[in-house]
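Take a look at the protein below.

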Amino acid sequence: MTGAKALFEALKAEGVRDIFGIPGGAIIPAYDALYDETEIRHILTRHEQAAAHAADGYARAIGRPGVCLTTSGPGATNLTTGILNAYMDSSPVVAISGQMPNSVLGSDAFQEADMLSIMLPITKHNFIIRNIVDLPTIIRLAFKTATTGRPGPVHIDLPKDVQVSEADLNIPAQVDYPKLIKLDPDPEDVRKAVKLLVEAEQPVIYAGGGVIWSSASAEVVALAELLGAPVVTSLMGKGVIPEDHPLALGMLGMHGRMAANLAVSECDVLLGVGVRFSDRATGDVRHFAPRAKIIHIDIDQVELGKNVRVDLPIIGDAKRTLTEIIKGLKLQVKRGRTSDWLQKMKKMREELAPRMDYDEVPTKPQRVIKEIMSVLSDDAIIVTEVGQCQMWAAHFYVVKKPRHFISSGGLGTMGFGFPASMGVKIARPECDVVNIAGDGSFLMNSQELATVVENKINVVSCIFNNRYLGMVKQWQDLFYQKRRSAVCLGRVPDFVKLAKAYGAWGDRASRPSEIAPKLREALSCGKPAILDIPIDPDEHVLPMVPAGGRLDEPILT
């Protein structure tokens, strides 16, 4: 068979049924083979960055690699923002790009780019297929790499001559992964962790995206209930514990819940699981959890002690490690123990709960989130753009299941949400998928309205429309004497007309009372939809911990 045919046979062997991409000269042989393919659906996006984000959203929603396919040169370089986004958030994306024939590599041929070098620092691994006989094994190894240990993106450069070459090929049943991954924790580390947790009077669990990738949410909840410990999450960890659970305090960090930030500031033992302790979560590390012994569980040794001091680092898979800790605790702790600490956390959670019932016009974003929550079921999946809209969603939206809140964390990529929501809807067609967007971020990839309409991908984008690059404006207001430089987006476009121009549903909710009924209409209209929601342009995301500030000293007004 040809290399192009072998590519799709190898992808099918990995269970791939959906691919996002755009063809071009260097990948035409693969797309010619795709013409006869009946088991793989190809979604033609309108920009390669969107293809990468869609594959990323797909992966996060379903827990398996998303795949994108592009041509060489500018087609491949357009992937880089989306691939770096996946890398920062540990999302398994397999990106395949066409390349010039091996015989002309290095000659600056038309649409040639050294993708091996470009992708090297932003992928978990990077392959170039020099010979057709290596193709099936490399495809298998790419998927194995993307999903083994800490997940991450993998890039494959596929020269045109390899695509058209022919050989007798077999898809290997399995391949060896050359890197040793430590999944099981050391028993001595587990014993030490149990001892610290048993002796703790004011414990807190800090859960991140690694818990979701390890499918360890149930273990986090079980540990919290057994220990009587409140749970805070990172942005990537939203949904690890149902956020209406009595022990859930919400997101930690710069735009986190006050109860979460104060709990970490006062705790005596902090158990971090599958988190990076990023600067947005910790603030000034000199004052982060100052009284606490910190236990850090992570499958990636590089993360242990990288950003904060750690008293007990534990290398291991989150699910396996938590399972062993729970076993040890059950021998020493009575389930659901109560304490003054827990009562204090309960009181703090209630007293510091955010207000959301504003009636003003223009609508307050808090009220918008409240109205969206009143319409959507627990099974709906929220995807966000980046900026103020993202932080309002992260702060106020109550998520009850893992993989039901999807956002760009480490890279903070404007333009992520809309194409990611396409991938989410393809992966989970039975779920309502709502993209919480800002006008500026949505416009970064608004061309994908063509993609969702042509492919009947019925996602709803609720645009928090303040006509500003809102988060930059907020920083200028708070830290640059309100010198609003280059942040006003003006009055165009009219998002309702834009939606209708593409053949999507579009409407505007100008008052709080209009949001819920119009969102219901958007969800039931049978089309992709935009709900334009004008919001107060002067509203900030508060509380806010200034960059490098202390979690217990936020800006409140």
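## An enclosed helix

Helix H16 is largely enclosed by the rest of the structure, because 8 of its 11 residues are buried. This is a predicted model. The buried residues of H16 are Pro 365, Gln 366, Arg 367, Val 368, Ile 369, Glu 371, Ile 372 and Val 375.

## The chain as a whole

Now step back. The protein chain holds 23 helices and 18 strands. Its C-alpha trace spans about 70 × 60 × 40 Å along the principal axes. A compact globule of 557 residues would have a radius of gyration near 24 Å, and the protein chain agrees, because its own value is 24 Å.

How much of the protein chain is buried? Of its 557 residues, 60% count as buried. The protein chain exposes about 21900 Å², and carbon and sulfur atoms supply 51% of that area. Take the contacts between residues at least 6 apart in sequence: 75% of them join residues at least 24 apart.

## Charges and salt bridges

The protein chain carries 62 positive and 65 negative charges.

## A pair within one helix

Glu 324 and Lys 327 form a salt bridge, with their closest N and O atoms 3.3 Å apart. Both belong to helix H14 (residues 318-330). They are 3 residues apart, so about one helical turn separates them. An α-helix has 3.6 residues a turn, so residues three or four places apart point the same way.

Glu 324 is partly exposed, at a relative accessible area of 33%. Lys 327 is partly exposed as well, at 49%.

## Pairs between elements

Asp 536 and Lys 364 make a salt bridge at 2.9 Å, N to O. Asp 536 sits in the segment after strand S18 (529-534), and Lys 364 sits in the loop between helix H15 (340-351) and helix H16 (365-375), so the pair ties together parts that are 172 residues apart in sequence. Asp 536 and Lys 364 are both buried.

A further salt bridge joins Asp 507 and Lys 518, whose closest N and O atoms are 3.5 Å apart. Asp 507 is in strand S17 (residues 505-508) and Lys 518 is in helix H23 (residues 512-524), 11 residues apart. Asp 507 is partly exposed, with a relative accessible area of 22%. Lys 518 counts as buried, because its relative accessibility is 19% and the cut-off for buried is under 20%.

Salt bridges can also share partners. Lys 5, Glu 9, Lys 12, Glu 37 and Glu 39 are joined into one network in this way.

## Cis peptide bonds

Which prolines follow a cis peptide bond? One is Pro 493: the bond from Val 492 to Pro 493 is cis, with omega near 5°. Pro 493 lies in the loop between helix H21 (470-479) and helix H22 (495-501).

Another is Pro 543. The bond from Leu 542 to Pro 543 is cis, with omega near 0°. Pro 543 is placed in the segment after S18.

## Positive phi values

Asp 108 is not a glycine, yet its phi is positive, near 60°. Where is Asp 108? Its place is the loop between strand S4 (93-99) and helix H6 (115-119). Asp 108 counts as exposed, because its relative accessibility is 73% and the cut-off for exposed is over 50%.

Arg 403 also has a positive phi, near 70°, in a residue other than glycine. Arg 403 is found in the loop between H17 and strand S14 (405-406). At 15% relative accessibility, Arg 403 counts as buried.

Definitions and conventions:
Residues are numbered from 1 along each chain as its sequence is written. This is a predicted model: local features need pLDDT of at least 70, side-chain atom pairs count only at pLDDT 80 or more; totals for chains, interfaces and linings use all residues. Side-chain values use heavy atoms; hydrogens and water are left out. Helices (H or I, at least four residues) and strands (E, at least two) are DSSP runs, numbered from the N terminus. The radius of gyration is taken over C-alpha atoms; the globule rule is 2.2 Å times the number of residues to the power 0.38. Buried means under 20% relative accessible area, exposed over 50%, partly exposed in between (1.4 Å probe, protein chains only). Contact means heavy atoms within 4.5 Å. Accessible areas come from the Shrake-Rupley method with a 1.4 Å probe; for residues, only the protein chains shown count as cover. Lys and Arg count as positive and Asp and Glu as negative; His and the chain ends are not counted. The place of a charge is taken as NZ of Lys, CZ of Arg, CG of Asp or CD of Glu. A salt bridge is a side-chain nitrogen of Lys or Arg within 4 Å of a carboxyl oxygen of Asp or Glu.
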